[in-house]
Amino acid sequence: MQITGAQMVIEAFIAEGVDTVFGYPGGAIMNVYDEIYKQNGFKHILNRHEQASIHAAEGYAKASGKVGVAMITSGPGFTNAVTGLADAYMDSVPLVVVSGQVPMSLIGTDGFQEIDAVGISRPCTKHNYLVTNAADLPRILKEAFYIARSGRPGPVHVDIPKDVTAQIAEFNYDIELDLETYKPHTKGNPRQIKKAIEAIAKAKRPLFYLGGGIINSNASYEVRELVHKTGIPAVETLMARGVLSYDDDLLISMLGMHGSYAANMAMSETDLVIGLGVRFDDRVTGKLSEFAKNADVIHVDIDPASISKLVNADYPIVGDVKNVVIEMLALVEQIDSDNYESWRETISNFDELHPLTFHEDTDRLKPQWVVKRVGELLGDSANISTDVGQHQMWAAQFYPFTRPNQWITSGGLGTMGFGFPAAIGVKVATPDKTSVNFTGDGSILMNVQELMTAVEKKIPVINIILNNNFLGMVRQWQTLFYNKRHSETDLSVQPDFVKLSEAFGGIGYRVTTKEEFDAALKDAVEKNVVAFIEVIVERFENVMPMVPSGGSLFNMMLLEKKETK
Amino acid sequence: MTENSERRVVSVIVINEASVLSRITNLFSGRGYNITSLTVAPIPDTRYSRLTIVTAGSVRVIEQITKQLHKLIPVLKVYEHADIVEKEMALVKFPITENITDIGTLCQAYNGKIVNVGDNVVIAMVADEPHRIDNFLSIIKRYNPKEIVRGGAVALER
Ligand SMILES: Cc1ncc(C[n+]2csc(CCOP(=O)(O)OP(=O)(O)O)c2C)c(N)n1
Ligand SMILES: [Mg+2]
């Protein structure tokens with residue numbers, strides 16, 4: 001059929017099964033918005049800032065496992081979205097982001113709201129396109145969705161000049177893609193897999209190192225089976241929370257800069273690292289030369305560029321984690337889980353020596369208590385998003401995750417302002433779950449305008465603001481490494497968060513005691529509207545344990561020991 | 001912790017389309033790596049072009065760049081060469097007053113000749129291994145070359 005470029009965008013979205021588009025209109029994308037007005041194949045959510053549209057699409061993608069979709073205009077609309085693109089790129093989130101561009105005749109003339117969008121998005125997307133002819137749109141859009149979700153997922157940006165959205169051309173979406181140069185390796189090499197299993201069978205102190213790739217590959221349940229059948233203990237990265245359930249005996253905890261003592265010690269003492277969907281991020285490894293120093297490394301990842309990038313892999317396996325783990329399960333009889341009994345004991349001794357915990361030793365509520373309490377009250381029924389800072393680490397350490405896709409956080413880029421819009425996307429994707437965003441008094445102000453989006457579209461996100469009147473994580477570093485010079489991190493001057501939420505039509509609570517907190521959370525869940533629960537917490541609490549930047553995993557600063565009453 | 005920096009030749013086969021060159025050079029510039037030379041030309045009767053990139057860097061970084069190059073969607077193949085035939089071309093402009101016979105003989109030793117004679121200048125062409133081109137260019141200094149253009153290396157695996 002002969003239709004306009006703008007109509008093609010709509011038709012392609014519908015053909016891809018898109019049910020929600022997050023976006024913000026403007027001059028260059030108006031033809032497409034006109035078609036959005038006329039259609040009813042999907043809903044559009046108007047965020048109040050383009051960065052929030054991208055984060056919302058990310059939240060939607062991470063909670064649903066589908067491709068998130070966002071739409072923005074040229075110039076400032078696009079540049080506002082760049083942080084979101086970079087965030088999605090770093091965390092391998094599948095997105096298709098369509099932006100308007102000035103008409104072809106104005107490109108290169110410093111036209112109104114012209115910016116070289118593909119030039120800017122190139123280093124922070126998996127792929128991008130400048131569409132110069134409407135006849136190319138069906139193929140480009142189909143490629144965009146395919147590239148976003150296949151292989152190592154990531155954001156794909158499609159920039160469409162305004163005149164191209166008005167051009168009429170033939171639309172046929174039923175086409176075979178011819179991507180001769182893009183063929184992700186999904187099957188692991190069977191010989192390598194066999195060798196890896198043999199290495200595991202021989203190891204004395206093997207350790208699963210589980211990463212976010214498992215969630216992308218939808219392999220958590222296969223990984224659970226592999227862990228249980230082998231009896232090998234496991235640590236998770238920040239991005240892998242929920243791959244194993246919190247109450248799994250074989251889950252040690254999170255590792256890395258704010259990982260548990262036992263997780264970091266296990267990594268330091270293991271003789272065989274079994275890395276699944278990981279990338280050896282510097283926040284995980286600490287000082288590289290001391291990382292898992294005495295261990296061989298099995299590394300399974302779909303991205304060949306991740307393998308042996310930082311740590312040399314003795315058993316590199318390029319493939320989709322799910323396929324590889326299924327292959328491993330077929331060979332699992334060779335492994336005798338009894339062999340690791342004393343290793344498991346060693347690890348539980350580590351955990352007894354320095355358990356992951358906190359002290360309730362001040363009048364004010366402890367932020368960790370708040371996280372635990374939400375876990376007790378909501379547990380599996382909530383999906384958890386976060387912003388970036390101390391609250392994020394406490395949420396990762398203390399929330400009882402029970403399933404994959406329950407945990408939505410900005411790991412690679414560490415973007416303050418991610419949490420609230422992401423939680424909106426999460427709620428849209430999984431309406432039957434309570435969507436909770438743990439945030440800080442700093443971060444929440446970075447996308448606070450999303451109160452309006454949530455009120456307008458009736459998206460009941462519960463924002464729990466752990467208010468320490470500080471840019472807490474930076475303050476912690478200043479306390480520990482800058483001799484307490486708290487340069488520009490004191491947030492004593494603050495808005496009235498309750499009134500702020502109410503001003504937009506949301507609800508707000510300010511709590512200082514446990515009883516008040518319980519009451520507020522229950523009330524917010526019942527009222528089912530967007531909420532701020534501002535919790536006044538201990539100001540000077542530090543996230544512990546901590547591996548100082550560049551230090552070795554086994555050299556942790558630890559929580560002070562105290563008599564327990 | 002400085003790793004040894006080595007001269008490396010990387011060939012990349014890419015779909016011949018707009019923006020592909022900047023995708024590739026971005027990977028180098030984003031890491032602060034200099035490209036020593038770069039040649040691009042279409043491969044006859046295909047939709048592909050071949051790039052030959054000469055760069056210098058540690059083995060680890062070059063290996064990483066090669067893998068990243070491979071990840072780019074329009075890239076078909078990346079070769080990091082060990083056993084290759086490598087050639088480069090250079091054009092040099094001399095004043096007509098120099099000893100043209102000597103220059104011509106020298107050129108022959110480097111697979112070249114005088115290719116243009118004008119009123120005031122002659123232009124000589126040579127094609128040889130890049131390090132031999134270095135030699136040639138240093139030898140001909142005494143003939144007061146007015147302008148030198150090097151073509152950048154092209155390479156094929158043996
Ligand atoms: C956009 C952005 N700017 C700056 C930072 C650096 N940064 C990391 S954590 C942090 C403090 C966050 O403060 P808050 O949201 O109150 O969380 P807290 O650490 O107090 O829990 C800052 C400024 C960042 N991660 N993102
Ligand atoms: Mg704070």
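Select chain B to begin: what pattern does chain B follow, read along the sequence? The answer is β-α-β-β-α-β-β-α-β-β-α-β-β, with four helices and nine strands in chain B. Helices here are DSSP runs (H or I, at least four residues), strands are runs of E with at least two, and both are numbered from the N terminus.

Before moving on, some ground rules. This is a predicted model, in which local features need pLDDT of at least 70 and side-chain atom pairs count only at pLDDT 80 or more, while totals for chains, interfaces and linings use all residues. Residues are numbered from 1 along each chain as its sequence is written, chains are lettered from A and ligands numbered from 1 in the order in which they are written, and side-chain values use heavy atoms, with hydrogens and water left out.

**Stop 1: chain B**

Keep chain B selected. Its C-alpha atoms fill a box of roughly 55 × 45 × 30 Å along the principal axes. Of its 158 residues, 41% count as buried (under 20% relative accessible area; exposed is over 50%, partly exposed in between, with a 1.4 Å probe and protein chains only).

Now pick Asn26(B), in helix 1 (residues 20–29) of chain B. Why does Asn26(B) count as partly exposed? Because its relative accessibility is 29%. Leaving aside neighbours within four places in sequence, Asn26(B) is in contact with Arg122(A) and Pro123(A).

**Stop 2: ligand 1**

Jump to ligand 1 and show what surrounds it: 17 residues, each with a heavy atom within 4 Å of the ligand. The closest are Gln390(A), Gly414(A), Gly442(A), Ser443(A) and Gly472(A).

Next, look for polar contacts (pairs of N or O atoms within 3.5 Å; within protein, one must be able to donate a hydrogen and the other to accept it, and residues adjacent in sequence count only if both atoms are side-chain atoms). An oxygen atom of ligand 1 sits 2.8 Å from a polar backbone atom of Gln390(A), and an oxygen atom of the ligand is 2.9 Å from one of Gly442(A). At Gly414(A), a backbone N or O atom lies 2.8 Å from a nitrogen atom of ligand 1.

Which elements give two or more residues to the shell around ligand 1? Colour helix 16 (390–398) and helix 19 (472–481) of chain A; helix 19 gives the most, with three residues.

**Stop 3: Ser443(A)**

Stay with one of the closest residues, Ser443(A). You'll find Ser443(A) in the loop between strand 17 (434–440) and helix 18 (450–456) of chain A. Ser443(A) is buried, with a relative accessible area of 3%. Beyond its neighbours within four places in sequence, Ser443(A) is in contact with Asp387(A), Val388(A), His391(A), Met416(A) and Gly417(A).

**Stop 4: the magnesium ion**

Finish at ligand 2, the magnesium ion, coordinated by Asp441(A) (OD), Asn468(A) (OD1) and Phe470(A) (O) at 2.1 to 2.2 Å. Donors are N, O and S atoms within 2.8 Å of the metal (3.2 Å for Na, K and Ca), and water is not among the atoms, so sites may look incomplete. In sequence, the donor residues are spaced D-x26-N-x1-F. Asp441(A), in the loop between strand 17 and helix 18 of chain A, and Phe470(A), in the loop between strand 18 (461–467) and helix 19, are 29 residues apart. Both Asp441(A) and Phe470(A) are buried.

Notes:
Contact means heavy atoms within 4.5 Å.
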